[in-house]
Structures are given as structure tokens and as C-alpha cells.
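Me: I have a model open and want to learn how to read it. Can we go through the ligand site and the aromatic rings?

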Amino acid sequence: MLDSNHLFDITIIGGGPVGIFAAYYAGMRKADVQIIESLPELGGQVATLYPEKQIFDVAGFTGITGAQLTANLIEQLNLFKPTIQLSTAVKNIQPQADGTFILETTNGKTHTRGVIVAIGNGAFTPRKLAVDYNPNWDNHYVHYFAKQMDQFKDQVVAVAGGGDSAIEWALMLEKVAKQVYLVHRRDQFRGLESSVDALKTSSIKIKTPFLIDALTETEQQLTLNLKKMKSTDQETLTVDKLLVNYGFISDTKILRDWNLTLDHHQVSVNQQMATNIPNIYAIGDIVTYPGKVKLIASGFGEAPIAVTELLTSLFPEKRQPLHSTSIM
Ligand SMILES: Cc1cc2nc3c(=O)[nH]c(=O)nc-3n(C[C@H](O)[C@H](O)[C@H](O)COP(=O)(O)OP(=O)(O)OC[C@H]3O[C@@H](n4cnc5c(N)ncnc54)[C@H](O)[C@@H]3O)c2cc1C
């Protein structure tokens, strides 16, 4: 249970990369900060959706996996030992008469002077395969996250989907699996040009335009029934594992109860990352402003702006130092 008697300076809602960096930066500014994260681990999309993918557009790294970037962020964060509440989702933000906020969570209430909303795409769940199958096959034959590549080692794997992450997963699997198939219901893929080019020169066998319309178990393997689109043709494909990437359903509905000004389900912020409610700021994938780019790097840039502006608003008498010549 959260301690509702403690008044935090800043509560960061969402422990994705951007929320973690904001908490670290708030720690540098000697703020009393907590992160509230609905998942059982920190790291957001980077840790949950693509831990083994290489990320090439974070400053200072020629390439780093999602898992390593998350580990680095957590190591940096822990220099300040902020309060971290995991497996706790914020349900509501209640402004108080004295300008502070009570946050209602799935784990009790907490009290804070200021809030930074960093909830990314909201609480996310994978879009499931629209086929009836034995639920016990989930995490055995049927997977929705490419978390540990080891479980696909020397296996025959089918990846279902045609977007960027499906292609990225297929390319990552190619390095460890015995054989990778990519099943997509269209002939065209929606991935980055460079990923689609890599796909064309890879050993991945492409099955298009096919829809998976039934699954059966055959001698400890999974047989996919593939229906050719706009045709009566059918074929089967037997694999050890099926990795489905039909995208993720993100739930930002909760935002409607927080009285923040929204634009297409995103929180509208100004150049200071301020929302319409004083002392509530928002950063990362959840925000929108002219020119917003949904990247880790842009979220990292937004975090110090929000923290500095929020601290200036909360403690106007304090000078806000700009450079990190000392972290303690
Ligand atoms: C497949 C894929 C590949 C990508 N590749 C790259 C790349 O190479 N480079 C790049 O820069 N970007 C990439 N991105 C985008 C990048 O992951 C996002 O820009 C980044 O994760 C945004 O960080 P965030 O902290 O704003 O949000 P998120 O990472 O979404 O984290 C938000 C966190 O908030 C939590 N949360 C949500 N609602 C609540 C609530 N009510 N209470 C408490 N916690 C809550 C969530 O559980 C989540 O952990 C990729 C994205 C995907 C899907």
C-alpha cells in the first residue's frame, strides 16, 4: 500500500524510459520524487515490447538493446534512490484546495505537490490472434512478446504480422531460430524501407497474402492453417512456435477522467511541457505539440524541461541550476 501521509515534490506517472529519466533528473535537482508504474517492471515499451532489438537513435550509443538501455537507465536512476511503486496504476488525479494532488491508485492513495504524466501509449496489451485456440498454448506455442530470444533458439518459428515490429522480430529471430516464416495477409509490408530491404535479402520465408484461420496441435508442434486472401486456396505450415505481432491495444481511456486537455487521445502541452492544469506536466509518447516526434530521444529532451519548469513553479525562490557538474 502507498503511504498517503508523505507529501512528494514530484510524482511521475509511468516508468518507461522517459519517466525513468525524468525521475533521475528530478533526483539531480534534489526533488523528493516517486515513480508509479502499472507493470511489474520499469522500462515501458523498450523493456516490454523490444528488449532484444538494437536501438540506433539514442545519443551516445552506436547501438544498444532495449534491455541494456533499460538497465543503464535504472542504474542511473538508482543513484538517487527514488521511491518506485511497481504494479500500481494511477486511476485518478484529484486536485486539492491547497494546490497539491491526491493520486488514487490501484494500491491506495498518494499525495504530491506536482505531477509529470509519462504514460506513453497507456497501459498496453497485445492484439490477439482472431482464432479460437487452446488458451494453454499461450507462452508455449503462441507468443505475443519477443522477450527472450533463447526460447526460439533452433526452433521453426512463424511470425504473424506486417508492420515494423513484426519485421524486426523476424529479423532478430533469423539469427537464432532454425527457420523463420513471416505470414502476412497483404503482399506489401508496412515496415521501414531499410527493414523491408533487409527482409528481402534474409533467409526468412515470406508467406503472403495469407491469413491464419485455424491452429491445431500435431505431435508437439503447431500447425497453422493458412487461407490465401481473396481465394479459396489453403495451405498448412507446421512450426514450433508462433509469434504474433498484430500490434498493441493501448488504453489511454483513463486520461478522460483526469481533466487534461486532449488532442486525438494525446495530452496537449505547451513548449514548457505544461498541461492545462497548473503543476501537471506531461512528457514522452503521451504528449502532443506541433512537431512532436515519438522517439526516446525527444522524450529524453522533454524530461528536463518538465522537471525544471515544475520545480520553478513549486519553489519559485530556488535557483534552478542548469549543468550537472556534480550529481550528489
Ligand atoms: C517495436 C518498437 C520499436 C521502437 N523502436 C524505437 C527506436 O529504435 N528508437 C526510438 O527512439 N524509439 C523507438 N520506439 C518508440 C519508443 O519505444 C517510445 O518512444 C518510448 O518507449 C516512449 O517512452 P515513454 O516513457 O514515453 O512511454 P512508454 O515506453 O510507453 O512507457 C510508459 C509507461 O507508463 C506505464 N503506464 C501507463 N499507464 C499508466 C498508469 N495509469 N499508471 C501507472 N503507469 C502507467 C506503462 O505501463 C509504461 O511502462 C519503438 C517502439 C516500438 C513499439
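Reply: Start with the shell around the ligand. By class, it has 16 nonpolar, 13 polar and five charged residues. Nonpolar here covers Ala, Val, Leu, Ile, Met, Phe, Trp, Tyr, Cys and Pro; Asp, Glu, Lys and Arg are charged; the others, Gly among them, are polar. This is a predicted model, in which local features need pLDDT of at least 70 and side-chain atom pairs pLDDT 80 or more, while totals for chains, interfaces and linings use all residues. Numbering runs from 1 along each chain as its sequence is written, and side-chain values use heavy atoms, leaving out hydrogens and water.

Me: How many residues surround the ligand, and which are the closest?

Reply: A residue is near a molecule if one of its heavy atoms lies within 4 Å of it. Here 34 residues surround the ligand, and the closest are Glu37, Gln45, Tyr50, Asp57 and Asp285. Helices H1 (17-28) and H2 (44-48) each supply at least two residues of that shell. Helices are DSSP runs (H or I, at least four residues), strands likewise (E, at least two), numbered from the N terminus.

Me: What describes a pair of aromatic rings?

Reply: The distance of the centres and the angle of the planes. Rings of Phe, Tyr and Trp (its six-membered ring) pair if their centres lie within 6.5 Å; planes under 30 degrees apart are stacked, over 60 edge-to-face, the rest tilted. The structure holds six such pairs. Tyrosine 133 and tryptophan 137 are stacked, 6.4 Å centre to centre with 15 degrees between the planes. One aromatic cluster is formed by Phe21, Tyr24, Tyr25, Phe80 and Phe300.

Me: Is tyrosine 133 buried or exposed?

Reply: Buried means under 20% relative accessible area, exposed over 50%, partly exposed in between (1.4 Å probe, protein chains only). Tyrosine 133 is buried because its relative accessible area is 17%. Tryptophan 137, at 10%, also counts as buried.
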